[in-house]
Amino acid sequence: MARDPRYDVLFEPVRIGPVTAKNRFYQVPHCNGMGHVLPRSHAAMRGMKAEGGWAVVCTEECEIHPSGDVAPFPEARLWNDDDIPALALMCEAVHAHGALAGCELVHNGPSCSNKYSREVPIGPSHQPVNGYAPAQARAMDKADIRAYRRWHRDAAIRAKKAGFDVVYCYAGHDLSLPMHFLQKRRNDRTDEYGGSLENRVRLFREIIEDAKEAVGDRCAVAVRFAVDELLGPLGINSETEGREVVEMLAELPDLWDVNLSAWVNDSIPSRFAPEGFQEDYVAFVKTLTTKPVVGVGRFTSPDTMVSMIRRGVLDMIGAARPSIADPFLPKKIEEGRLEDIRECIGCNICVSGDFTCTPIRCTQNPTMGEEWRKGWHPEIVPPKASDDAVLVVGAGPAGLEAARALGQRGYEVHLAEAGDELGGRVTREARLPGLAEWGRVRDWRVQQLAKLANVTVYRDSRLDAAQVREFGFPRVVVATGATWRRDGVGRAHALPVPGFDGPNVFTPDDIMAGAMPAGPVVVFDDDYYYLGGVIAEKLRRDGLAVAIVTPSDVVSPWTENMLEMQRIQRRLLDLEIELQVKRTLAAFRGDHVELACVYTGRRSAIPCASVVTLTGRLPEEALYRDLLADEAALRAAGITSVTAIGDAHAPSTIAAAVYAGHRAARELDAAEDDLCRAEVPFRRELPLGAAALTP
């Protein structure tokens with residue numbers, strides 16, 4: 001299929017100093033939970049993006065010195081020459097597909113407490129380190145500044161040796177030393193590196209000049225700069241100092257990569273910001289420099305991308321999250337296959353990989369992080385190994401993905417959905433406030449299924465075990481989902497909560513099905529993810545007085561891993577929802593609930609007419625259990641395997657359900673004995689072999 005000429009501009013080459021990008025698609029630096037700990041996994045993941053058509057593919061933060069150690073976060077490292085081979089793997093993987101490799105050199109100063117290296121943190125001034133670590137950074141003297149410049153220059157040279165084409169000087173996300181020197185609130189120096197903006201920008205200018213002198217003959221020197229911290233006069237902002245910094249350095253770097261600070265503002269979830277939300281802050285940059293400008297904004301629409309170029313906002317389309325959801329986004333635009341793009345839903349499950357120090361995951365793309373570990377490709381699956389037909393029961397996220405991937409493999413697939421809508425929990429949740437874009441998980445898979453002649457979808461087809469056996473399909477995949485518990489059993493309560501067996505107790509399933517509780521209503525959130533806050537918001541917008549009770553210190557605490565916890569608290573407070581934190585719901589008495597402090601047990605009460613409880617979930621496993629209960633009947637029906645996946649197996653996230661569906665499809669014809677014998681069902685990267693442990 002030919003490319004639409006409207007998008008030709010996206011495939012024009014862009015000169016970046018001494019190198020040339022083959023098109024305008026630029027994977028900006030992003031964390032991934034692999035870094036120096038899992039270099040092969042990291043290289044394979046970045047290489048996949050290069051294969052997918054991204055012209056520039058960058059690392060995450062790359063530490064330049066032990067005094068800037070961000071452990072336990074597994075970022076990239078170039079402390080010395082020993083680190084070069086690991087990053088050379090990435091460069092080789094990226095270069096194999098004609099893309100440029102970029103390295104984001106970083107020293108995070110007082111943003112890290114050097115837990116691994118045990119070096120004393122450094123910064124522009126004496127100040128506590130970020131976070132809750134009981135440590136403080138010491139103010140750098142002139143010798144420290146000279147040393148920092150040397151470390152940065154040496155790391156740039158190592159990046160060049162590793163094979164990188166673009167080397168970064170980084171001042172963004174309220175993290176790096178150059179940014180800390182720029183910030184008036186952090187820099188109280190009285191020498192030539194403090195006071196006026198010209199003095200505070202000095203160190204940033206120097207490391208750019210150093211890098212250009214050291215590697216500028218072959219490598220482009222890029223600047224990543226947060227033009228606005230959304231702190232008004234307290235921080236860098238795009239109307240005053242952010243603009244002035246760009247004016248001062250306009251022609252010095254080979255490329256400007258501009259965004260917002262901190263990360264919580266740069267990668268806002270779709271619930272709180274639309275596509276292209278950073279334009280108002282970064283649009284001025286191109287008016288001040290002739291150098292290429294890269295920006296981000298969770299771009300998923302090719303039309304939006306073209307608009308950014310045509311209107312002179314950006315020269316290159318920067319992306320982290322969209323490149324994770326679909327590493328082949330550029331190729332699909334180039335080949336005229338827009339309907340095949342897996343659009344990012346902005347859930348930020350990818351961000352949680354960095355916060356939990358584990359390999360990156362994606363709701364839309366279940367192969368993300370599995371490129372080396374399992375050899376999974378986002379666009380290619382192995383062909384079928386038999387002529388067995390497959391029945392998939394349940395068309396939620398797990399069932400849709402299983403049916404799609406099985407169909408792509410060439411199997412005859414029959415997908416039976418009990419209701420008249422496809423998508424399961426995705427469809428229900430996408431109707432809640434702010435979650436509409438999550439419907440893309442369903443929409444993309446339904447669209448792909450419609451293109452597969454070997455997949456048949458049946459709606460309004462609730463099946464029992466006898467009916468499944470009657471069909472006699474050799475393979476059965478059960479993806480019947482889960483339901484929320486009504487009795488209050490969960491993390492805080494091992495036994496049912498008194499009063500939860502009476503009337504006016506609702507679950508999220510009831511609310512999403514259209515039930516309207518009487519107010520005032522208490523939402524008991526023992527789930528800790530996003531849904532408790534979303535349900536509370538919906539009920540408040542429906543006109544009810546709402547209080548949310550949680551045993552946690554904040555509402556939806558796990559969403560801190562998705563950069564949305566702070567915005568959730570603000571949204572709930574703006575809606576005048578009462579927040580009862582560090583409380584468990586001890587009982588519902590019909591006209592009030594009894595609360596208990598999680599620390600002291602002290603009791604209190606708040607009036608309410610209804611309760612919505614989010615605690616545990618129970619798999620809808622009756623069909624699966626009924627099928628397994630009669631092995632003789634299965635054999636007589638010619639059924640050789642029955643597999644439960646997704647929430648029907650173990651309730652978890654939507655991302656986990658999609659992954660489970662994809663895994664089931666890939667492993668359908670794997671030898672059962674092999675799977676059972678596999679102690680570790682994937683390749684591991686081991687830092688040392690047995691021989692290396694010998695003294």
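In this predicted model, Pro128 stands opposite Gln136, a residue of strand E9. Strand E9 covers residues 136–139 and pairs with E8 in the antiparallel sense, over two bridges. Both strands belong to an open sheet of three, ordered E7-E9-E8, and the pairing across that sheet is mixed. E7 (122–123) and E8 (127–128) are the edge strands, each pairing on one side only.

Turning to the rings, the structure holds 12 aromatic pairs. Take Trp79 and Tyr116: the ring centres sit 6.3 Å apart and the planes meet at 25°, under the 30 degrees needed, so this pair counts as stacked.

Trp263 and Phe355 make another stacked pair, with 5.5 Å from centre to centre and 10° between the planes. This one also links distant parts of the chain, 92 residues apart: Trp263 is in helix H8 (residues 263–266) and Phe355 in helix H13 (residues 349–355). Phe355 comes out as partly exposed, its relative accessible area being 30%. Elsewhere, Trp438, Tyr529, Tyr530 and Trp558 come together as one aromatic cluster.

Arg77 lies over the face of Trp79, 4.0 Å from the ring centre. Likewise, Arg617 lies over the face of Trp484, at 5.3 Å from the ring centre.

How values were computed: Residues are numbered from 1 along each chain as its sequence is written. This is a predicted model: local features need pLDDT of at least 70, side-chain atom pairs count only at pLDDT 80 or more; totals for chains, interfaces and linings use all residues. Side-chain values use heavy atoms; hydrogens and water are left out. Two strands pair if DSSP finds at least two bridges between them. Helices (H or I, at least four residues) and strands (E, at least two) are DSSP runs, numbered from the N terminus. Rings of Phe, Tyr and Trp (its six-membered ring) pair if their centres lie within 6.5 Å; planes under 30 degrees apart count as stacked, over 60 as edge-to-face and the rest as tilted. Buried means under 20% relative accessible area, exposed over 50%, partly exposed in between (1.4 Å probe, protein chains only). A charge sits over a ring if NZ of Lys or CZ of Arg is within 6 Å of the ring centre and within 35 degrees of the ring normal.
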